[in-house]
Amino acid sequence: MKKQERRAEDILVDDFGNGAPNPISHLTDGEHQLASDIQQVIYNEKQIFTPTEKKQLGERIENSITRYKRKKLLLRISSAAVLLLTLGISAVLTTNRESALKSFAQSSNTVIPTDNTRLILSGNEEIQIGANESKIEYVGSGKQIHINATDNEQQVVNSNESAFNTVIVPNGKRTQLTLSDNSTIWLNSGSKLIYPAKFASNIREVYLEGEAIFEVSHNNEKPFHVITKNVEVKVLGTVFDVCAYNDDATTSTILEKGSVELKYNNNSLLNKQKVVMTPGTIAVYDPKVRQLEQSKVNTHVYTSWREGYFVFEKQSLSEILKKISRYYDVSIELQDNTLENETFTGNLDLRNSAVQVLEVIGEIINARIEKKEDKIVITRI
């Protein structure tokens with residue numbers, strides 16, 4: 001066993017027990033003489049030291065103890081500094097990891113809603129699409145864009161710079177978007193997606209506000225990330241739905257097939273929490289309490305809008321009306337607030353008008369549906 005190195009000041013706090021001098025063989029060379037002097041003071045006749053020598057010896061002892069305490073303090077400060085430096089490096093790395101895409105999305109100006117779907121290219125060129133159901137397809141390097149299979153657009157894409165495009169889908173419209181990697185995204189009403197015209201060499205990232213279904217092309221070397229305000233979804237190749245509307249209290253991810261990893265803020269100081277989802281589950285994240293809950297579900301309930309109909313299973317009327325209002329871009333008024341808690345199970349064909357869809361629900365919950373000027377009014381019968 002390695003002998004513990006001792007210092008002269010250690011003698012002052014040692015209990016010698018039998019009164020014999022404490023061995024000094026383990027002292028450092030610089031402390032040896034000081035320890036000898038201390039022992040002489042303790043065990044020899046005091047008159048061998050003059051008052052001046054006693055004063056000088058006392059000062060040496062005091063200075064030695066001060067140096068010892070200072071070194072211990074510096075050690076504690078150094079340890080704290082290392083921890084802070086580590087935290088600082090971690091914060092810098094995290095900030096850098098939050099890519100140029102997220103920075104661009106968070107610094108984007110608030111977009112004033114219009115009646116048309118809008119495609120905004122990297123040079124701020126804007127293309128408006130009037131169709132309720134539109135298709136946008138990027139070809140090859142992202143320089144060529146097909147819109148509804150009839151219009152072709154060109155944009156300049158510099159391989160050395162990030163060229164971000166934005167699709168804004170207003171209430172009442174839907175858009176199917178095919179990216180340059182052949183991944184397909186169905187954007188629901190009232191949604192916005194920001195994405196590169198051409199993906200970087202090592203990662204694929206998009207930023208979502210609203211709701212979208214993703215069918216991601218498989219690429220082990222280039223994972224796909226869906227970034228929202230509160231949750232990040234990482235995937236190699238799969239089909240899933242992300243619902244992250246700004247006016248919803250929670251963010252949900254529904255996995256239809258494949259496997260995805262969710263990253264979200266929890267109560268940890270240093271790291272985000274990670275969880276891997278399995279097919280047939282929903283993960284709901286509540287940012288207020290920073291908690292995520294998973295459960296088994298019928299995923300078709302959440303993805304059927306892509307095929308033109310809603311599926312509901314014991315869903316409250318308030319939740320249903322919010323979806324219908326957003327899908328058709330109509331204002332719906334409940335005359336009796338107690339109707340909000342009524343539940344509905346069944347399918348709604350979205351090819352019908354908003355009034356026709358609501359009449360199906362009205363028959364089940366015994367309510368009257370009326371169109372009054374710019375809104376639909378629901379009244380209990």
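Which residues form one aromatic cluster? They are F310, F312, Y327, Y328 and F344. This is a predicted model, in which local features need pLDDT of at least 70 and side-chain atom pairs count only at pLDDT 80 or more, while totals for chains, interfaces and linings use all residues. Residues are numbered from 1 along each chain as its sequence is written, and side-chain values use heavy atoms, with hydrogens and water left out.

Aromatic pairs come next. Rings of Phe, Tyr and Trp (for Trp, its six-membered ring) pair if their centres lie within 6.5 Å; planes under 30 degrees apart count as stacked, over 60 as edge-to-face, and the rest as tilted. The count by this rule is 10 aromatic pairs. In one of them, F199 and F224, the ring centres are 6.1 Å apart and the planes stand at 70°, so the pair is edge-to-face. F199 is in the loop between β9 (191-196) and β10 (204-215), and F224 is in strand β11 (residues 224-227), so this pair links distant parts of the chain, 25 residues apart. Strands (E, at least two residues) and helices (H or I, at least four) are DSSP runs, numbered from the N terminus. F199 is buried, at a relative accessible area of 9%, and F224 is buried at 0%. Buried means under 20% relative accessible area, exposed over 50%, and partly exposed in between (1.4 Å probe, protein chains only).

Another pair is F214 with F240: their ring centres are 5.1 Å apart and their planes at 10°, so the pair is stacked. Because F214 lies in strand β10 and F240 in strand β13 (residues 239-244), the pair ties together parts that are 26 residues apart in sequence. F214 is buried at 0% relative accessibility, and F240 is buried at 0% as well.

Some rings have a charge over them, meaning that NZ of Lys or CZ of Arg is within 6 Å of the ring centre and within 35 degrees of the ring normal. The charged end of R306 sits over the ring of W186, 4.7 Å from its centre. R326 lies over the face of Y245, 3.4 Å from the ring centre.

Y245 is also among the contacts of N188, as are W305 and Y327, leaving aside neighbours within four places in sequence. Contact means heavy atoms within 4.5 Å. N188 is found in the loop between β8 (184-187) and β9, and is buried at 5% relative accessibility.
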